[in-house]
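Reader: Hi! Could you walk me through this one?
Author: Happy to; here it is.

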Amino acid sequence: MDAAQREVLDSGDINRALSRIAHEILEKNKGVRDLVLLGIPTRGAHIAQRLAKAIADIEGVMIPVGTIDVTLHRDDLRSRPARALLPTVIPTSGIDGKKVVLVDDVLFSGRTIRAALDAMGELGRPSQVQLAVLVDRGHRELPIRADYVGKNLPTSLKEHVRVSITETDGTDSVSISGTPAGGGE
Amino acid sequence: MKRHLLSASDLSYEDAVLILDTAEELAKLVDGPVKKLPTLRGRTVVNLFYEDSTRTRISFEAAAKRLSADVINFTAKGSSVSKGESLKDTALTLQAMGADAVIVRHSASGAAHQLAASGWIAGSVINAGDGTHEHPSQALLDAFTMRRHLRDSKGDLAGVRVTIVGDVLHSRVARSNVLLLATLGAEVTLVAPPTLMPFGVEQWPCEISYDLDRVLPRTEALMMLRVQGERMNNAFFPSMREYSRGYGLDDKRASALSPEAIVMHPGPMNRGLEISAGAADGLRSVIVEQVANGVSVRMAILYLLLGGASIEEVSL
């Protein structure tokens, strides 16, 4: 557990990855029409804000950004004591008929995203849902994949991926700790 | 959080703020497009009511249903209680049916505690009013309402000046409120005729006054209590009129409040006795809002007690 942490993305890498994702979102959706970003708290919400800012820098338009808390829709609620709820803020323009890009920091089992899709189903009916993540570490347990990935990070299940971002952790970095996978990266 | 909610004093500062914050998030969802959440699917909540209730029972039922729990309503009238069944046997029956939470109201002080401590029931026990003792969920919804109006829905109630007026002696609402508000840092003053102050009230974490008019101008939240005639036998004050003149909130007293102050009442109201119709329906009144907030707060209580693993399941 106490094995050394390896930094795999530094602050510059994260900025470049987010700026690339911003371009990819615009390319795939042919501009900003009907786009809405929904971040999954807490880090996904901050990353969504940064993506919106990057998109604004490119296109000169600030697209609506919100947050969506998935706690009440999780399938593993009973595995630990009840968790505090995090804010859900849906942009006033709503999500009906919009192209929603869900944003999270790490894509792992896919269960958080499933819960987010359920939570979103309560709030409206987007015309399309896409998924952007800073890190995809594999080990999916559900048929879910990301449309935009900052970095694919092959990991073993024993490893721990830690995403730090300035807004919550004071610094931008992605690191891995624990026993590495047999083949290495 | 403890497994049961029996007394407002069970709640630490962190627990109390967590419940209020959770209720705030749930209120945002329920006021919006989301009417039902899947969180408590498959859990059974029993409303065990030995005493009459409108707001509390309906509110707990609505809260449980919005979280997708199954609700069983039990009222003493029309049940085997009228044939003489004891609390223990009723509790064992509910346990056999697999109740995950029992919300209990009883005319005997300590009934909820008895139920929780006896081991008759494996689930959580939530006190929805026991005699003249406590009513913690009411105190939480009152604190939630105050926080919305006076503290922008954030943090605690540090420094908020709350005045609770009336039949403190028989009021479980007053006792729970004093305990919870002290935890949250509010400054509480109790106002009542000397005959309606409980024994030992000087030990409570609050101020005491017998002069409503002196306290009114500095009050930020004014809570009027129901005069509980059914527990009194006409023995505590000379006449309704005299009580009303000394301790009732009439239109003139309501105008002595600061413009930002709010007027609260846990219901049911005796209009014309402890509160005039003008004050009850006036601009400062948040009485109807208290009822709406009750659902959000009770959703938060149910979610935090039942939504996660129980302490035994986590086996810390």
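Author: Let's start with two helices of chain B: the axes of helix H1 (residues 13–31) and helix H5 (residues 136–150) come within 10 Å and cross at roughly 65°. Axes here are lines fitted to C-alpha atoms, for helices over the stretch in contact, with angles from 0 to 180 degrees between N-to-C directions. Helices (H or I, at least four residues) and strands (E, at least two) are DSSP runs numbered from the N terminus.

Reader: Is this an experimental structure or a predicted one, and how are things numbered?
Author: This is a predicted model: local features need pLDDT of at least 70, side-chain atom pairs count only at pLDDT 80 or more, and totals for chains, interfaces and linings use all residues. Residues are numbered from 1 along each chain as its sequence is written, while chains are lettered from A and ligands numbered from 1 in the order in which they are written.

Reader: Thanks! Which residues of H1(B) and H5(B) meet?
Author: From H1(B), B:Ile19, B:Leu20 and B:Ala23 meet B:Leu140, B:Ala143, B:Phe144 and B:Arg147 of H5(B). Contact means C-beta atoms, placed from the backbone, within 7 Å.

Reader: Switching topic, what about the sheet in chain B?
Author: The sheet is open, with four strands in the order E2-E1-E3-E4 and parallel pairing. Strands count as paired if DSSP finds at least two bridges between them.

Reader: And which strands are at the edges?
Author: Strand E2 (70–75) and E4 of chain B, each pairing on one side only. From one strand to the next, the twist averages 15°.

Reader: How many bridges join E3 and E4 of chain B?
Author: Five, in the parallel sense, with E3 covering residues 101–106. Along E4(B), B:Asn127 has B:Val104 opposite, and B:Val125 has B:Val102 opposite.

Reader: Is E4(B) covered or open?
Author: Mostly covered: seven of the seven residues in E4(B) (124–130) are buried. A residue is buried if 20 or more other C-beta atoms lie within 10 Å of its own, exposed if 12 or fewer, and partly exposed in between.

Reader: Nice. One more, where is B:Met264?
Author: B:Met264 is in strand E9 (residues 262–264) of chain B. B:Met264 is buried, with 25 other C-beta atoms within 10 Å.

Reader: What does B:Met264 touch?
Author: Not counting residues up to four places away in sequence, B:Met264 touches several residues, including B:Asp142, B:Thr145, B:Met223 and B:Gln290. B:Met223 is 41 residues from B:Met264 in sequence, and 4.6 Å in space, C-alpha to C-alpha.

Methods. Contact = placed C-beta atoms within 7 Å.
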